[in-house]
Amino acid sequence: MNIKILSRNGGLYSTSRLVEAAKKRKHNVEIIDPLKCDLIIEKKKPSVYYKGRYLSDSEAIIPRIGASITYYGTAVVRQFEMMGCFTTTESQALVRSRDKLRSLQILSRARLGLPKTVFTNYSRDVGEIIDHVGGAPLIIKLLEGTQGLGVVLAETKNAAESVIEAFNGLQARVIVQEFIKEAKGADIRAFIIDGHVVGAMKRQGKEGEFRSNLHRGGTAEVITLSDEEEIAAIKAAKAMGLGVAGVDMLQSARGPLILEVNSSPGLEGIERATGRDIAKEIIKYIERGV
């Protein structure tokens, strides 16, 4: 099978592992930089032109599209879909997952547990926003933030008001969320492939850090999900329309609360924490799909 991995950096752990797993299973695999693809749109014959040739032999793609290139990256995925290629992440699901507000609305409609969240149009009544999420401490997140960037813990009402007013003054879109104290700076990442949990880890923020992202110095260990957590993770990925997803959850007194559903989850943390060959599971998913 001819598989194309849409990635800007072949040296990344996730990309190199996917190449390795595809080759082990005797597939032809190539890394394609989505920003260097030309999309040719015509009646009955959409095509992708890349470095002097047409990628007409492609049977499946694995999008590894970073947040900074979502618009063009999604257009490339959509073009491959029009060419009849199987994709591990559909273009529409990719767009949905990159919009934090839309994602939360979709998850809410699916009746999944979420931290209480407020979004406003630069409201001047900041005190009311804070009250809506149960007061301070609370979390303030930039809608465009990734890997823990643009996430602030405001420990007092005064601090929360100052941060929200500052973001409003910069016309930066933010959501305000309740702080889940009992999570103790930890969250769970469940890795979903084709409607099944193939691995799960608990990520703990470093001392004095409320964000558990591994990019920010957090640590990870393998975890066995409860039935409730497993069902929530699978349901979240399904609601977002994602065949491959990283579902981030908090453990709370009222059950699992979904933080985010990642459409391009990294493999390094989950493979090292669980010891499982997640890259191989993605290739097997492609084999079933094609």
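Visitor: How many bridges pair strand 13 with strand 14, and in which sense?
Guide: Strand 13 (residues 196-204) and strand 14 pair over 4 bridges, in the antiparallel sense. Strands here are DSSP runs of E, at least two residues long, and helices are runs of H or I, at least four, numbered from the N terminus. Two strands pair if DSSP finds at least two bridges between them.

Visitor: What kind of model is this?
Guide: It is a predicted model, where local features need pLDDT of at least 70 and side-chain atom pairs count only at pLDDT 80 or more, while totals for chains, interfaces and linings use all residues. Residues are numbered from 1 along each chain as its sequence is written, and side-chain values use heavy atoms, without hydrogens and water.

Visitor: Back to strand 14. Which residue there is the bridge partner of Met201?
Guide: Val222.

Visitor: And what is the strand order in the open sheet?
Guide: 14-13-12-15-16, with antiparallel pairing. Strand 14 (219-222) and strand 16 (255-262) are at the edges with a single partner strand each, so one side of each has no neighbour in the sheet. From one strand to the next, the twist averages 30°.

Visitor: New topic. At what angle do the axes of helix 3 and helix 4 cross?
Guide: Roughly 105°, and the axes come within 5 Å. Axes are lines fitted to C-alpha atoms, for helices over the stretch in contact, and angles run from 0 to 180 degrees between N-to-C directions. Helix 3 and helix 4 are therefore roughly perpendicular (65 to 115 degrees; under 35 is roughly parallel, over 145 roughly antiparallel, the rest oblique).

Visitor: Which residues of helix 3 make the contact?
Guide: Val95, Arg96, Ser97 and Arg98. Helix 4 brings Lys100, Arg102, Ser103 and Ile106. Contact means heavy atoms within 4.5 Å.

Visitor: How many salt bridges are there?
Guide: The count is 17. A salt bridge is a side-chain nitrogen of Lys or Arg within 4 Å of a carboxyl oxygen of Asp or Glu. One of them joins Lys4 and Asp57, at 3.4 Å from N to O. Lys4 lies in strand 1 and Asp57 in the loop between strand 5 and strand 6, so the pair ties together parts 53 residues apart in sequence.

Visitor: Is Lys4 buried or exposed?
Guide: Buried, at 4% relative accessibility. Asp57 is partly exposed, at 38%. Buried means under 20% relative accessible area, exposed over 50%, and partly exposed in between (1.4 Å probe, protein chains only).

Visitor: Which residues are linked in a salt-bridge network?
Guide: Arg17, Glu20, Lys24, Glu271 and Asp277. Within it, Lys24 and Glu20 have their closest N and O atoms 3.9 Å apart.
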